[in-house]
Amino acid sequence: MKETSKAFLLRPLSITILSLVLTGTAFITGISFLELMELKTVDLRFVSRGPIPASGDAVMAIIDEKSLEAEGRWPWPRSKMARLVDALSQSGARVIGFDIGFLDPDENVALKVIDAVSEKADDLDIHDEGFVDFMRTFRENADNDRRLAQAIQRSRSAVVLGHFFHMRKSDLNYDILPSEIERRLEGIADSRYPEIEFLDSATDLPPLITAFAPQGNLEILARSAGASGFFNKTPDVDGVVRWAPLVIRCGDRLYSSLAIQAVWHFLGRPELEVAVSSYGVRGIQMGKIFIPTDDWGRMAVNHLGPPAVIPQYSITDILNGHAPKDAFGGKIVFVGGAAMGIADYIITPFSASMPGLALHVMVSDNILTRRFLTQPPWIRVFDILAIFILCLLTGFGLSRLSPLKGMFFALFLFGGYIIFTQQLFARSGILLNMVYPLLGLLLTYVGVTVLSYFTEERKRRQVKKAFSQYVASDVIDEMLEDPAQLKLGGEVKPLTVLFSDLRGFTSYSEIYAPEELVRILSSYFTKMTEEVFNHHGTLLMYIGDALMAVFGAPVESPAHAEQACRAALAMRKRLFILQLEWSAMDRPMLSARIGINTGPMLVGNLGSDQRFTYGVLGDPVNLASRLEGLNKLYGTDILIGENTAAMVQDRFLLREIDAVRVMGKQQAVKIFQLVASLEDPVDQDQRLFLEIYAEALDAYRGRRWKDAMSLFEKGTRILREDPSCIVMFNRCRLYLDNPPPDHWDGVYVATHK
């Protein structure tokens, strides 16, 4: 069995199957390193595809070094941002999106002076109405937050303010009450998704990206804009931004991103809803545009290229009228930092330092042009099929090609799959898995290639393996350890011998070609020999369509009778499986007969000085052969002698069939049918049948022919006309008409071998 298992493991098909199992398991469970490698292949696909031009519907107004040099260091007064809103509005921008948070009141020295003068006027009891009106007007003009709010209100462009979420409580360095969180959530209520569509009978929100608390803009600005969206980003484990969250849950509501709000207002605020199922987000429906997302509500960003592919304009040029006049007409303008020290830089497949502001532009461009990266529902099934096909093609090809041709064949498959996935990505935006199918290919290639290095060694062991088909491996090992055993002679030991023969096989030789008969016999002997070895038996020989095995030698075992019986039952089960296979292949439904007997026999190396073999001799051996033949008479499949029955009766269910005097023997023996192991389930009909047969046999031996006939007939009704019952019934009827002599002892004399 050990050699058989080893041979199985070394076959190319087995290595292919092992590679499939390993790769499939890794794919289903998800291994961090391999997942990271897959992300890197996505980056390479972007680089291989190259930049693609932006649509121009979304542009950037950037706070760059040029703006800081001209307008002063950051942060700028809100009055300057008010001027920017006015300038963009007058330039015809359709939407202005701020990737800047106006979280705290503007630091304004003029307001502090006004407040000091007002206090002094109160101390001096100055209440001149003209002076009070002047101070109030001057204060309003100096309040930069108010000026920005007024600019937003009068803007013909829709203004979308940006805010962010604290994702965890630990992100805050102070405690916050639930009431304060609710107040803040009300401040960003305009960024909530208006509708949620539940699919697939879902009734509640699935697991999503969930935030702890929002950080919104000043109330005066939030009220003036009436629109906002979060600008949180979610880089992958390697720091590269490949996904843009479009949905974040906080409390029991879903909130939209800055890009979603900007595009929504750009399109005239069509129907907007989140489509969710029980397992996650399906996507965002914005009017006629469906935006695909992953289960967490993130969109795969179709990066356009390096920062230069996105139209961008310096804010100082906009404020001073130096920007092209048609730069912003009918467009979305995202405002944010790009200068070192004030911008949040992100890593993309094209750049290691791209302003985070560009992410909003690319997401907006993807939506407006509908150039999405997608992983359709069938993609996981396709990935599994790709693993399966590549492994099988590699294993099949390598097993039939020379090493050099096999290498080129594997390289062809490897490169072909890379090109296929790259083209599908570049042309259709479909993200197929690349790492796992190629991993399966590599594992199969390495496994089969390493196997080829052992071919010569296996050929050198071929002679020994060939002899192992005829002699038990235990015998070979024992002889190799002690070569002195390679001589004639043996010793007498109590052993159990097993004979098995295919019923009616000879007649099929007239129907089937010799090659087909060899295949049938080979399949049968392989399975039967495996069961002999599984139960510690020694195969002695094949004789035509019969085999002979011994248990208890050369390695001694006190349980040799039990081992032989268990081997016989296992052989019966394996033959049943073979019969099903043969039936499906239109091969003959062959059955086997087995005879088992126990007793003292000569065991050892038998033969001549020139040639000998390991075998057994003795009367118990001959009886085992006769028992195998008696199966034909009684219609049974496994018969054992009374010596064997005495040793195993407490472990197996047996049926005493008859007492027989076989040819060549004067002494009668009781023969038993091996029905099943006591651990095996036996139905009530079977047990009832065994009881009735025992009663019938007792009546038969007591010469109560009519009673015996009645019981045997009853047995045939219970167990589908059992052949042994029919044989005994006919014998009773014969004895009823022609009674045996008075000295008859109930023994049947077998006249055939």
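What you have here is a predicted model, where local features need pLDDT of at least 70, side-chain atom pairs count only at pLDDT 80 or more, and totals for chains, interfaces and linings use all residues. Residues are numbered from 1 along each chain as its sequence is written, and side-chain values use heavy atoms, with hydrogens and water left out.

**Overall picture**

- The protein chain has 27 helices and 26 strands, taken as DSSP runs numbered from the N terminus (helices are H or I with at least four residues, strands are E with at least two).
- Of its 753 residues, 50% count as buried, meaning under 20% relative accessible area, with exposed over 50% and partly exposed in between (1.4 Å probe, protein chains only).
- Take the contacts (heavy atoms within 4.5 Å) between residues at least 6 apart in sequence: 75% of them join residues at least 24 apart.

**Helix 25 and helix 26**

- Helix 25 (residues 684-701) packs against helix 26 (residues 705-718) at about 160°, their axes 8 Å apart; axes are lines fitted to C-alpha atoms over the stretch in contact, and angles run from 0 to 180 degrees between N-to-C directions.
- The two are therefore roughly antiparallel (over 145 degrees; under 35 is roughly parallel, 65 to 115 roughly perpendicular and the rest oblique).
- Their crossing is left-handed, that is, the near helix is turned anticlockwise from the far one by less than a right angle, while clockwise would be right-handed.
- Residues making the contact include Leu-688, Phe-689 and Ile-692 of helix 25 and Trp-705, Leu-711 and Phe-712 of helix 26.
- By class, this contact has 13 nonpolar, one polar and four charged residues (nonpolar: Ala, Val, Leu, Ile, Met, Phe, Trp, Tyr, Cys and Pro; charged: Asp, Glu, Lys and Arg; polar: the others, Gly among them).

**Helix 14 and helix 15**

- The axes of helix 14 (residues 379-398) and helix 15 (residues 403-428) come within 9 Å and cross at roughly 165°, which makes this pair roughly antiparallel.
- Helix 14 passes helix 15 in a right-handed crossing.
- Among the residues in the contact are Phe-382, Leu-390 and Gly-397 of helix 14, with Met-407, Phe-409 and Tyr-417 from helix 15.
- That contact has ten nonpolar, three polar and no charged residues.

**Two single residues**

- Thr-348 sits in the loop between strand 16 (345-346) and strand 17 (354-355) and is buried at 5% relative accessible area.
- Leaving aside neighbours within four places in sequence, Thr-348 is in contact with Val-240, His-303 and Met-354.
- Arg-83, in helix 5 (residues 78-90), is partly exposed at 37% relative accessibility.
- Arg-83 and Ile-318 are 235 residues apart along the chain, with their C-alpha atoms separated by 9.5 Å.
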